[in-house]
Amino acid sequence: MSVISFTSLASLGLSELRGKHLHYSKFWNSGSKTSAAKKIKLSSRTGMLIAYTPAFLAGVASFVLYPQENIRILLLCSALTIHFFKRIFEVLFVHSYSGGMILDSVLLISLSYFLSTATVTYAQYLTQGFPEPAVDLKYLGCLLFLIGISGNFYHHYLLSKIRSKGDKDYKIPKGGLFGLVICPHYLFEIIGFVGISLISQTLYAFSFTIGSALYLIGRSCATRRWYLSKFVHFPKNVKALIPFVL
């Protein structure tokens, strides 16, 4: 599962760089118009709820399925459940929508999140009874998780405020770290995933985090190219994901 998770997420990131996108957000109708017309379209709110709810339920179920015999598995299950609860909260009360989602992409994202949540918690359960890692990183992981989830939420909030009610046109986002990178919400999402992997300290958690980071790097680079193509005055010094670097 570690190999499958890493390779599948990394390949999706490479596909984003090559212009073959998962169909959500700015790229929900990318590709051939003929092929897009044949696919099932969902509203963004419905699609995102389908994408995140199974993983949230897997997080909740982990408290019942796996005895919380030590603080590490309790922290891990809590972090995953909070992460996807936040996602659902944002879908219902924060995000501002302008497009849709294609069902194929929704199901792929939903399955990926669900399997990853179920696998990382099960892998953690299997470690119970084994010696703790020589270097305990779980509390550093908690700190990074809180930084990641807070920064991600803040920048999602800023994105939701750049359009007035009823306005569906994209604008160049401002505030927070948007003056340095076009996808600070992805940067903080990666920080949150790093936090989760440090809480867990299992091979699967690290492989999922590295794979997710590679996917988000590809997606953020594609997003920056999109802004450059749509806005003549888009500032060239604004990077894709990492300030002053990438």
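Analyst: Let's start with Phe-208, which is part of helix H8, the stretch covering residues 203–230. Bear in mind that this is a predicted model. Is Phe-208 buried or exposed? Its relative accessibility is 10%, so Phe-208 counts as buried, given that the cut-off for buried is under 20%.

Who are the neighbours? Leaving aside residues up to four places away in sequence, Phe-208 touches Ser-5, Leu-9, Ser-116 and Phe-193. As for Ala-123, it sits 85 residues from Phe-208 along the chain, and the C-alpha atoms of the two are 12 Å apart.

Two packed helices are described by the angle between their axes and the distance between the axes. Here, helix H5 (residues 103–126) and H8 have axes that come within 9 Å and cross at roughly 150°. That angle makes H5 roughly antiparallel to H8, because anything over 145 degrees falls in that class. The crossing of H5 past H8 is left-handed. On the H5 side, the contact is made by Leu-115, Ser-116, Thr-119 and Val-120, while H8 brings in Tyr-204, Ala-205 and our Phe-208. Sorted by class, that contact between H5 and H8 has five nonpolar and two polar residues, with no charged ones.

Now for the rings. A pair of aromatic rings is described by the distance of the centres and the angle of the planes. The count comes to 13 aromatic pairs. Among them is Tyr-66 with Tyr-122, a tilted pair at 6.2 Å centre to centre with 40° between the planes. Tyr-66 belongs to the loop between helix H3 (44–65) and helix H4 (71–93), and Tyr-122 to helix H5, so this pair ties together parts 56 residues apart in sequence. Tyr-66 is buried, at a relative accessible area of 13%, whereas Tyr-122 is partly exposed at 41%.

Another pair is Trp-226 with Tyr-227: their ring centres are 5.1 Å apart and the planes stand at 90°, so this one is edge-to-face. Trp-226 counts as buried at 15% relative accessibility, and Tyr-227 is buried too, with a relative accessible area of 2%. Both rings also belong to one aromatic cluster, together with Tyr-170, Phe-231 and Phe-234.

Note on methods
Residues are numbered from 1 along each chain as its sequence is written. This is a predicted model: local features need pLDDT of at least 70, side-chain atom pairs count only at pLDDT 80 or more; totals for chains, interfaces and linings use all residues. Side-chain values use heavy atoms; hydrogens and water are left out. Helices (H or I, at least four residues) and strands (E, at least two) are DSSP runs, numbered from the N terminus. Buried means under 20% relative accessible area, exposed over 50%, partly exposed in between (1.4 Å probe, protein chains only). Contact means heavy atoms within 4.5 Å. Axes are lines fitted to C-alpha atoms, for helices over the stretch in contact, and angles run from 0 to 180 degrees between N-to-C directions. Angles under 35 degrees count as roughly parallel, over 145 as roughly antiparallel, 65 to 115 as roughly perpendicular and the rest as oblique. A crossing is left-handed if the near helix is turned anticlockwise from the far one by less than a right angle, and right-handed if clockwise. Ala, Val, Leu, Ile, Met, Phe, Trp, Tyr, Cys and Pro count as nonpolar, Asp, Glu, Lys and Arg as charged, and the others, Gly among them, as polar. Rings of Phe, Tyr and Trp (its six-membered ring) pair if their centres lie within 6.5 Å; planes under 30 degrees apart count as stacked, over 60 as edge-to-face and the rest as tilted.
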